[in-house]
Each structure stands twice: as structure tokens, then as C-alpha cells.
Amino acid sequence: SKGSLLDDVFKSLEKRRLAKNTPLFYGVRKPRLASARELLRVSEMVSTNLSTFKAPFLVQHGLDDVVTDPALSQALYDEASSLDKAIKLYDGMWHSINIGESEENLERVFQDSIERKEE
């Protein structure tokens, strides 16, 4: 990390500035212990139950994400037993692929999320 998590999440400097100025911005504070514990508990629950997950889903992940490893998204896709699943991994994109990228990249991500591949 380069200091602020925003530096790793938003590629666009303007979008990074906007995120920092939103009232929901958490800042440099660390998460509350109860919140961190709950996130860990849910993450563990999801990872141990992937083989029983059968709902349709789409995974989208930037390959240059340094906040969350794209290999985790690949594992979700590989291990889930759903028969209706897809994965889109984006070269050069960061963590916040739905807001922190260029307009061109955002269009691609949103188009992929609404497009349904016909079998």
C-alpha cells in the first residue's frame, strides 16, 4: 500500500478525490474489532461452503488489484458447484472496477455485467 487504501483502490485521481470527500469515507481509522471479526467469520464460512453454492453468478475482477488477490475470485469460480457461472478477469484494472476506472473500462465492466452469453 502507498499510504491510503484509496491509492490502491481508485486508479482515477479524480474518483479517488471524490471518494475521499464522501461522508462514508472511513479514512485512516482501522475497522472496529467486531466488524473485522465478522468479516473474517463470513469469509471463512463462504470459503468452506463453496462446493455447495449452486446459485447463478458472475465474478468480475481486475488483474492488477493489490487489495484483493484475483486468485481468490478464480478460486470462487473454480470451487463453486453452480452450473450457471462466469468469470471476467480484466487486464490492467484495479480493485474498484465499477467506479474507479476510466470511462472506457467502466463501460466494458458494466456491459459484461448485463450481457448474457447465449448457450
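A salt bridge is taken here as a side-chain nitrogen of Lys or Arg within 4 Å of a carboxyl oxygen of Asp or Glu. Lys-11 forms such a bridge with Glu-101, with 3.2 Å between the closest N and O atoms. The pair links distant parts of the chain, 90 residues apart. Lys-11 lies in the loop between α1 (6-9) and α2 (13-20), and Glu-101 lies in the loop between β2 and α5.

The model is predicted; local features need pLDDT of at least 70, side-chain atom pairs count only at pLDDT 80 or more, and totals for chains, interfaces and linings use all residues. Residues are numbered from 1 along each chain as its sequence is written, and side-chain values use heavy atoms, with hydrogens and water left out.

The protein chain contains 5 helices and 2 strands. Helices (H or I, at least four residues) and strands (E, at least two) are DSSP runs, numbered from the N terminus. Their order from the N terminus is α-α-α-β-α-β-α. Strand β1 spans residues 57-62, and strand β2 spans residues 85-90. The two strands pair in the parallel sense over 6 bridges; pairing requires that DSSP finds at least two bridges between two strands. The chain passes from β1 through helix α4 (residues 70-79) to β2. This β-α-β crossover is right-handed. The term means that, with the strands pointing away from the viewer, the path from the first strand over the helix to the second runs clockwise. Within the pairing, Phe-57 has Lys-85 of β2 as its bridge partner. Gln-60 stands opposite Lys-88 in β2. In a regular strand, side chains alternate between the two faces of the sheet.

Of the 119 residues of the protein chain, 24% count as buried. The protein chain exposes about 8,800 Å², and carbon and sulfur atoms supply 58% of this area. Accessible areas come from the Shrake-Rupley method with a 1.4 Å probe; for residues, only the protein chains shown count as cover. Contacts, defined as heavy atoms within 4.5 Å, were also counted along the sequence. Among contacts in the protein chain with a separation of 6 or more, 65% involve residues 24 or more positions apart.

The structure holds 4 salt bridges, one of them the pair Lys-11 and Glu-101. Lys-11 is partly exposed, at 30% relative accessible area. Glu-101 counts as buried, at 1% relative accessibility. Another salt bridge joins the side chains of Lys-15 and Glu-103 (3.1 Å, N to O). This pair also links distant parts of the chain: Lys-15 is in helix α2 and Glu-103 in helix α5, 88 residues apart. Lys-15 is buried, with a relative accessible area of 17%, whereas Glu-103 counts as exposed at 57%.

Arg-17 counts as partly exposed, at 42% relative accessibility. Glu-14 is partly exposed, with a relative accessible area of 42%.

Glu-101 takes part in other interactions. Its side chain makes a polar contact with the side chain of Asn-105 (2.9 Å). A polar contact is a pair of N or O atoms within 3.5 Å; within protein, one must be able to donate a hydrogen and the other to accept it, and residues adjacent in sequence count only if both atoms are side-chain atoms. Asn-105 is found in helix α5 and counts as buried at 17% relative accessibility. Leaving out residues up to four places away in sequence, Asn-105 touches Lys-11 and Met-93.

Ser-96 sits in the loop between β2 and α5 (103-114). Ser-96 is buried, with a relative accessible area of 8%. Apart from neighbours within four places in sequence, Ser-96 is in contact with Val-9, Phe-10 and Glu-101. Ser-102 is found in the loop between β2 and α5. Ser-102 is partly exposed, at 37% relative accessible area. Ser-102 and Phe-10 are 92 residues apart in sequence, yet their C-alpha atoms are 9.8 Å apart in space.

Conventions. Buried means under 20% relative accessible area, exposed over 50%, partly exposed in between (1.4 Å probe, protein chains only).
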